[in-house]
Amino acid sequence: MKLARLLHIRSATMPFATACLLLGGLLISKELLERSMLWHMLVQLPLLALCGYLLAIAFTRSAMSRHPFTSIGLRRLRACDQNGVSGLFALLFISAYWMIPKALEECLRLPMAEFLKFSSLILLGAVLRGSLARSNWIIQIFFLGNFCSMTAIAGLLYQDAPQRLCNAYLLDDQSYTGMGLVTASLAVAACWCLAQLPANTDKASPQLSTSS
Amino acid sequence: MMNSQNSRNNPSQQTTPETRPDAELRSAPTLATLLLIFLMGTAAIYHATDSFRVVSTEDGRRLTIAEHPRQLPEASVSYANGQQLQLSQALRSDSRVAIVTFIYTRCNAICSILGTELQQMQGHLRQRGLQQQLRLLSISFDDSDGPAELSAYAKRMQANPQEWQFMRVNNAVQRQSLLDSFGIVVVPAPLGEFQHNAAFHVVTPDGKLARIFDYDKPDAALEYAAALSQQQTPLAQKQDAAAHQAAL
């Protein structure tokens with residue numbers, strides 16, 4: 001950040017440039033990543049959401065978000081996402097949808113499904129930035145707990161399935177994806193704990209009292 | 001006087017709940033959004049899982065064909081004896097219901113399981129005297145399988161040429177469109193092998209893919225194909241008769 005200020009780069013530029021580079025990279029490496037189920041589900045999908053997240057950071061830091069017209073729109077959006085529940089609820093549905101093997105494989109066949117995948121995940125990432133900031137730890141524990149358990153169960157099913165769930169991916173690849181999903185769910189839970197624990201005592205409690 | 005005062009007071013009374021909104025009222029947009037997300041999410045998952053019935057592509061393919069039998073595209077094919085003809089012609093001229101499987105002759109894994117199943121099926125066909133109504137047809141998706149490889153494979157599988165025939169598709173574009181139409185996905189695997197979805201495909205003489213059975217259910221495939229051939233025969237005869245009349 002200091003470096004950015006020294007170089008007279010506006011704070012919105014960095015996340016915006018990173019997001020654009022990331023999106024460009026994902027579009028170029030699309031076919032390479034989609035050749036394997038593991039890379040498709042556990043690298044491409046999370047990076048798409050990260051892209052949206054970075055875009056949201058860039059937007060809130062930019063002057064555009066302070067424009068009267070957009071600030072009214074943002075206020076309306078915030079009214080639809082009190083305590084971040086809508087964004088977190090969307091996380092459950094969108095992640096569940098892309099963990100359906102048939103839905104994932106349709107992206108290889110149908111350009112429309114591919115477009116839907118890119119747009120839904122970027123949008124999800126963008127929404128989650130605000131939703132996570134607005135939600136207190138109890139709401140986060142509910143939704144992220146659900147997300148992690150769903151991902152882990154899907155991972156176990158992927159590892160256990162004796163038959164291929166996607167015709168385009170090998171059986172070994174499928175069981176590696178299963179292991180990856182279980183690992184990812186544990187990693188998300190661990191990261192959340194690490195992010196919360198120091199702040200838990202002094203920051204989260206007043207948040208709770210104001211929201212109730 | 002009293003009435004006019006009342007009427008003046010009334011609007012202010014009506015607006016009080018709006019000027020002092022409850023917590024419930026304020027949460028209305030969020031609740032509406034949650035409902036919208038729920039409806040859209042459920043609809044999307046309903047669509048992707050064929051109304052909550054399948055999660056894998058293979059089950060989806062089988063269900064789709066069972067509900068909507070599919071007309072197969074035209075392709076130039078060759079039998080193991082080198083005879084070259086169009087697929088529709090090959091299916092119609094034989095006039096038997098075909099149980100189609102996809103193979104490549106170098107296969108060691110799933111094709112050999114499928115091969116033994118087909119060998120047993122061939123035996124069952126004979127035992128039940130169904131040779132006149134059904135036949136087995138194995139189509140290779142590997143471009144390097146020529147008539148020589150196919151006949152060597154047929155010999156290895158102890159295939160009786162009357163009941164079990166082998167076929168290759170001559171044109172790569174047509175082969176792909178045929179595979180797409182069947183829903184067969186061939187993935188290159190390590191050691192020069194292929195992985196592909198294996199199943200029994202029941203195909204009628206008029207070139208329609210009628211039903212797909214799992215490769216561990218050869219009996220069900222045989223039953224269905226036999227039943228289908230009994231339905232087909234009178235119909236085909238009727239069509240023939242109609243064609244004759246038209247010609248006369």
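The side chains of Arg134(A) and Asp81(A) form a salt bridge, with an N to O distance of 2.9 Å. This pair links distant parts of the chain, 53 residues apart. Arg134(A) belongs to helix H8 (residues 111-134) of chain A. Asp81(A) sits in the loop between helix H5 (68-79) and H6 of chain A. The two partners can be described by their accessibility. Arg134(A) is partly exposed, at a relative accessible area of 30%. Asp81(A) has 5% relative accessibility and counts as buried, because buried means under 20%. The model is a predicted one.

Confidence in chain A comes next. The mean pLDDT of chain A is 89. A score of at least 70 is reached by 89% of the residues. Helix H6 (residues 85-98) of chain A has the highest confidence, at 97. Helix H1 (residues 2-6) of chain A has the lowest, at a mean of 52. Over residues 202-212 of chain A, pLDDT stays under 50. For that stretch the model has ten contacts beyond four places in sequence.

Chain A contains ten helices and zero strands. Its pattern along the sequence is α-α-α-α-α-α-α-α-α-α. Chain A has 212 residues, and 43% of them are buried. Among contacts in chain A with a separation of 6 or more, 75% join residues 24 or more positions apart.

Side chains of opposite charge can pair when their charged atoms come close. In chain A, a network of salt bridges links Lys30(A), Glu34(A), Glu114(A) and Lys117(A). In chain B, a salt bridge joins the side chains of Glu58(B) and Arg61(B), at 2.8 Å from N to O. Both residues lie in helix H4 of chain B. They are three residues apart, which is about one turn of the helix. Glu58(B) is buried, with a relative accessible area of 7%. Arg61(B) is buried as well, at 9%.

The two chains also meet each other. On the chain A side, 25 residues are in contact with 31 residues of chain B. Together the chains bury about 2,200 Å². Carbon and sulfur atoms account for 63% of that area. Phe93(A), Lys102(A) and Asn167(A) supply 29% of the area that chain A buries against chain B.

Eleven residue pairs are in polar contact between chain A and chain B, both residues at pLDDT 80 or more. H6 and H7 of chain A each supply at least two residues of the side that touches chain B. H6(A) gives the most, with seven residues. The side of chain A that touches chain B divides into 17 nonpolar, four polar and four charged residues.

The count of salt bridges between chain A and chain B is one. In this bridge, the side chains of Lys102(A) and Asp50(B) meet at 3.7 Å, N to O. The locations and accessibilities of the partners are as follows. Asp50(B) lies in the loop between helix H3 (28-48) and helix H4 (57-67) of chain B. Lys102(A) lies in helix H7 (residues 101-109) of chain A. Asp50(B) counts as partly exposed, at 23% relative accessibility. Lys102(A) counts as buried, at 9%.

Lys102(A) also has a contact with Ser56(B). Ser56(B) is found in the loop between H3 and H4 of chain B. Beyond residues up to four places away in sequence, Ser56(B) touches Lys102(A), Arg164(A) and Leu165(A). Ser56(B) has a relative accessible area of 5% and is therefore buried, the limit being under 20%. The side chains of Ser56(B) and Asp59(B) are joined by a polar contact of 3.3 Å.

Definitions and conventions: Residues are numbered from 1 along each chain as its sequence is written. Chains are lettered from A and ligands numbered from 1 in the order in which they are written. Side-chain values use heavy atoms; hydrogens and water are left out. pLDDT is the predictor's confidence in each residue, from 0 to 100. Helices (H or I, at least four residues) and strands (E, at least two) are DSSP runs, numbered from the N terminus. Contact means heavy atoms within 4.5 Å. A salt bridge is a side-chain nitrogen of Lys or Arg within 4 Å of a carboxyl oxygen of Asp or Glu. Buried means under 20% relative accessible area, exposed over 50%, partly exposed in between (1.4 Å probe, protein chains only). Buried area is the accessible area (1.4 Å probe) that two parts lose on being put together, summed over both. A polar contact is a pair of N or O atoms within 3.5 Å; within protein, one must be able to donate a hydrogen and the other to accept it, and residues adjacent in sequence count only if both atoms are side-chain atoms. Ala, Val, Leu, Ile, Met, Phe, Trp, Tyr, Cys and Pro count as nonpolar, Asp, Glu, Lys and Arg as charged, and the others, Gly among them, as polar.
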